[in-house]
Amino acid sequence: MRPALADRLSRALVGCYPPRWKQRYAAELLDVLDQHRAGPRTVLSLAGGVLSTHLDPSYRMEIRAMPRLGRDTLGYLTIFAVIMAGLAAVTVGPAIARNIRESSWHASTDGSVGTVAFSRDLRLMVSTAGNTPWAATSTLWDVTDRARPRRLSVFEGGSTITISPDGRTVATSAFSGQPALWNVTRPRHPARLAVLPARFPSGALWGEAFSPDGGILAVSSMSGLVLWNVADPSRPRLLRTLAAPLQPRGPAPVPFGVGNGDLVFSRDGHMLASVSGSGQATLWNVTHPAHATRIATMAGPRDYFTALAFSPRGNLLAGVTYHGSVLVFRLAGPARPVRAALRPRILASARFPGGGGAVPASSCAPSCGVAAAAAAAFTPDGQALTVVVDRPETFPSTAARDTVFTWQVASSGALSDLTTIFHDVSDAQPTLAPGDRIVADGSPIGGQVHLWALP
Amino acid sequence: MHGKFDDLGRFADPSVLILTSLSDGPKHGYAIMTDITAFSGVGMEPGTLYGALSRLERRGWIRPLAAGERRRPYEITAAGQEVLAEQLRSMQQIVRTGRQRTAMA
């Protein structure tokens, strides 16, 4: 067995341990695997570890879930499952080897990558490049094999970008900073369908998002929010223009270079959350988009939001602020969101290491604990919240480190059982791909895109 | 060799090695593996190591210390030192007996 395959199988097996065991030991075990030369014995020891842990009464939670099944039956079922997993690993090993862990490639010739977005099926990825909005380009990638991404096409426009849920339309910004729609059904030959007129006199685009059914495109800027009917993307129709709320007691203006707040729809498409104005999160009712209304505006603790995420049921909204605080709002009564959890400045309390590419505590003040870029997502079952923050070293170094925080989330929005994973990357803007297990980093300095899989 | 280690099954031997490794101070996972290889010649694999660590921790024979980055050091507890001493005494008895008998042969 080749060491690379043994290493990948070993890491895949770490994911087979019971959830509670993984929560406690997976990060340590992966750290050991980082330093250990894996071989067949490593794979066998981990397979044995997975089996014995599942048979361990302390972790065998299935007993409570299936009281009628006897201990022996469960044991045999577990053994059968591990054998089948082993056979599957042998037969599909090469496929795993192509798709697992991480890959990195130069995505831009001019040395910068901005936003990265994925189609829902994770087959298409689009990245933006260019140091100025008027000279930006977008690149479409086939990432079906994530170890060997294939460039499909390059087209004009960039800075903000998103792909429709059906993967047929890309929304980006045109050279003039206006939203533009592209038909990518023939991904090697994208065709521009429409350029949407700017609705606000000033301000660069902050974000674009398609509704879950793909019928609405929301476009946000510092000044406000615009909703377009894009059911027929070649003939977009204006639905609603909403001015950003002004908050007299809001935080300070968003610093230069941070002005790309997040914009997300709830899964049922009835609510939209945007970063607008001076960095607050605003919740909009878009059940009837032509009559969309503001529900509420929420401020961070003297801070501005950079990433937002709805829980799958739409009852919680999580936000990450520029200074790395994580907030969860309960939306049971949407008109009056209640703050259910606050984790202030998570990077500052993350025991960020002093070596290995990290910023020494003595040299990073006062920026220690600042999350220059962040992404957030709930797991599909809504029981965990993943937040990725990236803190670069001080200029001119391009080193940085993704720090992934995962909390268990109660239905009330309370957070518990924090686990933390560190991953070295070049200075980058992290994005969580649909399904929240792939982190994509676009480097604004090195021109690289880096994909890596969460354990 | 009967004692408190019997319940650990296939993790009994690794547990003795781990407790011995931690006897001279706290170590994290990979440091334990390299230390065990250095003093015993046994190449312990990560699956075996963490299977034993989780059991030892649950028994209160080792305790985790504050994690730095992804590395969490472990230290042996008083209870762990006690069971290790008991196990080593038992092994010493076996070694003594074995030596006597092989010398007589």
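Two strands count as paired if DSSP finds at least two bridges between them, and strands (E, at least two residues) and helices (H or I, at least four residues) are DSSP runs numbered from the N terminus. The tour covers a predicted model, in which local features need pLDDT of at least 70, side-chain atom pairs count only at pLDDT 80 or more, and totals for chains, interfaces and linings use all residues. Residues are numbered from 1 along each chain as its sequence is written, chains are lettered from A in the order in which they are written, and side-chain values use heavy atoms, with hydrogens and water left out.

**First stop: a sheet in chain A**

Select residues 124–129 and 137–142 of chain A, which are strands β3 and β4; these run antiparallel and are joined by six bridges. Within this pair, A:V126 has A:L140 of β4(A) as its bridge partner. Widening the selection shows an open sheet of four strands in chain A, in the order β2-β3-β4-β5, with antiparallel pairing. Its edge strands, each pairing on one side only, are β2 (113–118) and β5 (150–156) of chain A. Neighbouring strands of this sheet are turned by 20 degrees against each other on average, direction ignored, where the axes are lines fitted to C-alpha atoms.

**Second stop: two backbone angles**

Next, select A:L122, in the loop between β2 and β3 of chain A; A:L122 is not a glycine, yet has a positive phi of about 65 degrees. Then move to A:D417 in strand β25 (residues 415–426) of chain A, where a positive phi of about 55 degrees again occurs in a residue that is not a glycine.

Now show both chains and select the residues in contact (heavy atoms within 4.5 Å), which number 28 from chain A and 24 from chain B. The area buried between the two chains (accessible area, 1.4 Å probe, lost on being put together and summed over both) is about 2,400 Å², and carbon and sulfur atoms give 48% of this area. In chain A, the residues that lose the most area to chain B are A:E28, A:V32 and A:Q35, together 22% of what that side buries.

Three salt bridges are counted between chain A and chain B. On the side of chain A that touches chain B, the elements giving two or more residues are α2 (19–35) and α3 (40–55) of chain A, and α2(A) supplies the largest share, twelve residues.

Conventions: A salt bridge is a side-chain nitrogen of Lys or Arg within 4 Å of a carboxyl oxygen of Asp or Glu. Axes are lines fitted to C-alpha atoms, for helices over the stretch in contact, and angles run from 0 to 180 degrees between N-to-C directions.
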